Amino acid sequence: MNIKVSIRNNKKENYSDLDSARNLNENNNIIECKDLNLWYDDNHALKNINLKIKKNKVTAIIGPSGCGKSTLIRSFNRMNDVIENCKINGEIRFHGKNIYASNNNVMQYRKRIGMIFQKPNPFPMSVFDNVAYGPRIHKVNDTNKLEEIVETSLKRAVLWDEVCNRLKDSAMGLSGGQQQRLCIARALAVEPEVILMDEPTSSLDPISSGKIEDLINQLKKKYTVIIVTHNMQQAARISDYTCFMYIGELIEFGETKQIFERPKKRLTENYITGRFG
Ligand SMILES: Nc1ncnc2c1ncn2[C@@H]1O[C@H](COP(=O)(O)OP(=O)(O)OP(=O)(O)O)[C@@H](O)[C@H]1O
Ligand SMILES: [Mg+2]
């Protein structure tokens, strides 16, 4: 596979001190994009994005199909690296450090910045093993410890009561909404700091969507959530900040209330009032 990741700032950085960098950012920005550009071959999919994501808040990313929402959130944990002919320049700083400055710690970033996809994607194994999967990869093998992590993660994902008697059953037997919460529990089990969600409720019925929205509200006490959604009501309901994108550009970013009630740009207003998209 041809992976091209061009790195503007080649300065080698020592990532072992990331822990000590936690909480040092006085502006409480956990992720910052600086002049971020991304191309798929000649398709300039992200154009000079500058964006600051606040810690322990929910940020919604909205915009019409193909504007680069998924590309942007995938770049936050370097998931675009595996896409052939994807070229990136600029910086994405996590706790102030450019995650593209070194190729050494990609696994560490993916542990700290988890991802939930549009379609629930449980692994074809038991409910327990799905949640224990990440911790086992990160060398947690003690049975008691694993049981504790699985229970805590399922409780945080508000799924425990529904599956506590089915832990050994296949995850594939859960409903779609339960599978999505299982995927969230699986992401939480490795103690991430940021959870990226790409249209996490678009394949769910309104009741399951409501449960995920309630859950997102709970999660922000402990985690930073970045959610892509096509549902304007959902963005308005659950997010603190909203980022509106259009054809690869970040058009407007601000507090959700301001974006929805007093957008500064005509394009934003047209989009949120349904005049295009
Ligand atoms: N793996 C890929 N290879 C090549 N081009 C891609 C790839 N993924 C996305 N693109 C292109 O990059 C642009 C942005 O796509 P992206 O999937 O980020 O949009 P999106 O805003 O998430 O759209 P949607 O709302 O439909 O999910 C589009 O032109 C798309 O065709
Ligand atoms: Mg998308």
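1. Arg 93 stands opposite Asn 98 in β5. Strand β4 (residues 86-94) and β5 pair in the antiparallel sense over two bridges. Strands here are DSSP runs of E with at least two residues, helices are runs of H or I with at least four, and both are numbered from the N terminus; two strands pair if DSSP finds at least two bridges between them.

2. This is a predicted model, in which local features need pLDDT of at least 70, side-chain atom pairs count only at pLDDT 80 or more, and totals for chains, interfaces and linings use all residues. Residues are numbered from 1 along each chain as its sequence is written, while chains are lettered from A and ligands numbered from 1 in the order in which they are written.

3. The order β2-β1-β4-β5 describes an open sheet of four strands with antiparallel pairing. Its edge strands are β2 and β5 (97-98), each of which pairs on one side only.

4. Eight bridges join strand β1 (residues 29-40) to β2 in the antiparallel sense, and Ile 31 stands opposite Ile 53 in β2. The hairpin of β1 and β2 has two residues between the strands, and Asp 41 there takes a positive phi near 50°.

5. Leu 51 belongs to strand β2. Leu 51 counts as partly exposed because it has 19 C-beta neighbours inside 10 Å; a residue is buried with 20 or more other C-beta atoms within 10 Å of its own, exposed with 12 or fewer, and partly exposed in between, C-beta atoms being placed from the backbone. Not counting residues up to four places away in sequence, Leu 51 touches Cys 33, Cys 243, Leu 250 and Phe 253, where contact requires C-beta atoms, placed from the backbone, within 7 Å. From Leu 51 to Ser 202 the C-alpha to C-alpha separation is 25 Å, and the two are 151 residues apart in sequence.

6. The residues around ligand 1 include Tyr 40, Asn 43, Gly 68, Lys 69, Ser 70 and Thr 71. Two or more residues of this shell come from each of β2 (43-54) and α2 (69-76), and α2 gives the largest share, three residues.

7. Helix α2 is largely enclosed by the rest of the structure, because seven of its eight residues are buried. The buried residues of α2 are Lys 69, Thr 71, Leu 72, Ile 73, Arg 74, Ser 75 and Phe 76. Arg 78, which follows α2, has a positive phi near 60°.

Terms used: A residue is near a molecule or strand if its C-beta atom, placed from the backbone, lies within 6 Å of it. Two residues are in contact if their C-beta atoms, placed from the backbone, lie within 7 Å.
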